[in-house]
Amino acid sequence: MASLPETSPVSVPALLAAKGRQRIAMLTAYDFPTAALLDAAGIDVLLVGDSLEMAVYGAESTLSATMDTMVRHARAVSRAAKRAIVVGDMPFLSYQAEPAEAVRNAGRFLSEGGCAAVKVEGGRRVLPAVEAILAADIPVMGHVGLTPQSYRKLGGFKVQGRDADSAREISEDAKALADAGCFALVLECVPSSLAAEITRSIPIPTIGIGAGAACDGQVLVFHDVVGLTPDLRPKFVRRYADLSSAITEAARSFVKDVRTGDYPSAEESFSDKAPLRRVY
Ligand code: KIV
């Protein structure tokens, strides 16, 4: 009972309609070539996550991500996406201070970044921003559970919702975001039982990361999936490739070939005799 289009672009209504019919596959993407590969491989949602700040820029948290950086990477990803829907992640301080500022920043992801939607971390406490963004006809994906922008308050990157009170808070947040009109909800690092209960109780797709198998979809950080973060092994990550080894091996071979003079060969060099030809 598939519902997501196979070749035509995935839309917000198509994602909503996928709930209970087809599981949604979402990965982060931050650049054009990677986004093109992920899109062609059938990834439904490309999230230009603020995890960019850690995965690409080497920061210790996502807090230093800025709108300008996020929009620039969003534009690169959107240029590559033919089928996948591209979601821009609202960085820290781009939506918390004033709803009007949140709308302007969310709008930049659409007008400059080419995204179809934005993602906002937090539950009822960010509802004024979420409602204002939605009122500007900008689709919003919610994000509750472990919200990395709150890691200082949470005391680190820890599983959330393990006790009854915090589980109830997360459920209430999820319901409030769905009632407000969010089209999907990321559930990060919560017990599987809580994710299952939330997935049953709200009409929008839940997309889990460290939230078990009952969610309507799954999201992971691309760099974790392909082994570009070898020192980071969260329990919920499944590694599908070991690009760290492949890249190290390729770079070592290049060093060796340069040192020995094996690279470049005559075929990889220009002759003054050959007819004029394009370099690229
Ligand atoms: O920034 C990010 O990559 C995210 C995902 C982990 C959901 O928010």
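## Helices α8 and α9

Contact here means heavy atoms within 4.5 Å. In this predicted model, that criterion links two helices, with A167, I170, S171, A174 and K175 on the α8 side and L194, E197, I198 and S201 on the α9 side. Sorted by class, the residues of this contact are five nonpolar, two polar and two charged.

Helix α8 covers residues 164–180 and helix α9 covers residues 192–201; their axes lie 10 Å apart, and the packing angle is about 30°. Angles under 35 degrees count as roughly parallel, so α8 is roughly parallel to α9. The crossing of the two helices is right-handed.

## Helices α5 and α6

As α5 passes α6, the crossing is right-handed.

On α5 the contact involves P99, A102, V103 and A106, and on α6 it involves P128, A129, A132 and I133. By class, this contact has eight nonpolar residues, with no polar and no charged ones.

## Aromatic pairs

How many aromatic pairs does a search of the whole structure find? The search finds two. One of them joins Y151 and F157, with 4.8 Å from centre to centre and 5° between the planes, and is stacked.

The two partners can also be described by their accessibility. Y151 has a relative accessibility of 13% and therefore counts as buried, because the limit for buried is under 20%. F157 has a relative accessible area of 44%, so F157 is partly exposed.

## Backbone exceptions

Most residues other than glycine have a negative phi, and most peptide bonds are trans.

L93 is a residue other than glycine with a positive phi, near 75°. L93 is placed in the loop between β3 (85–89) and α5 (99–111). With a relative accessible area of 53%, L93 is exposed. C189, also a residue other than glycine, has a positive phi near 50°. The loop that holds C189 runs between β6 (184–188) and α9. C189 has a relative accessible area of 10% and is therefore buried. The remaining site is a peptide bond: from Y263 to P264 the bond is cis, with omega near 0°. P264 is in the segment after α11 (243–260).

Is A65 buried or exposed? Its relative accessibility is 6%, so A65 counts as buried. A65 belongs to the loop between α3 (52–55) and α4 (67–80).

When residues up to four places away in sequence are not counted, A65 touches D50, E53, M70, P91 and F92. Between A65 and V86 there are 18 Å in space, C-alpha to C-alpha, and the two are 21 residues apart in sequence.

Technical notes: Residues numbered from 1 in each chain as written. Predicted model: local features only at pLDDT ≥ 70, side-chain atom pairs only at ≥ 80, totals over all residues. Heavy atoms only, no water. Axes fitted to C-alpha atoms, helices over the stretch in contact; angles between N-to-C directions. Helix = DSSP H or I, 4+ residues; strand = E, 2+ residues; numbered from the N terminus. Parallel < 35°, antiparallel > 145°, perpendicular 65-115°, else oblique. Left-handed = near helix turned anticlockwise from the far one by under 90°. Nonpolar A, V, L, I, M, F, W, Y, C, P; charged D, E, K, R; others polar. Phe/Tyr/Trp six-rings, centres within 6.5 Å; stacked < 30°, edge-to-face > 60°. Buried < 20%, exposed > 50% of the residue type's maximum accessible area, 1.4 Å probe, protein only.
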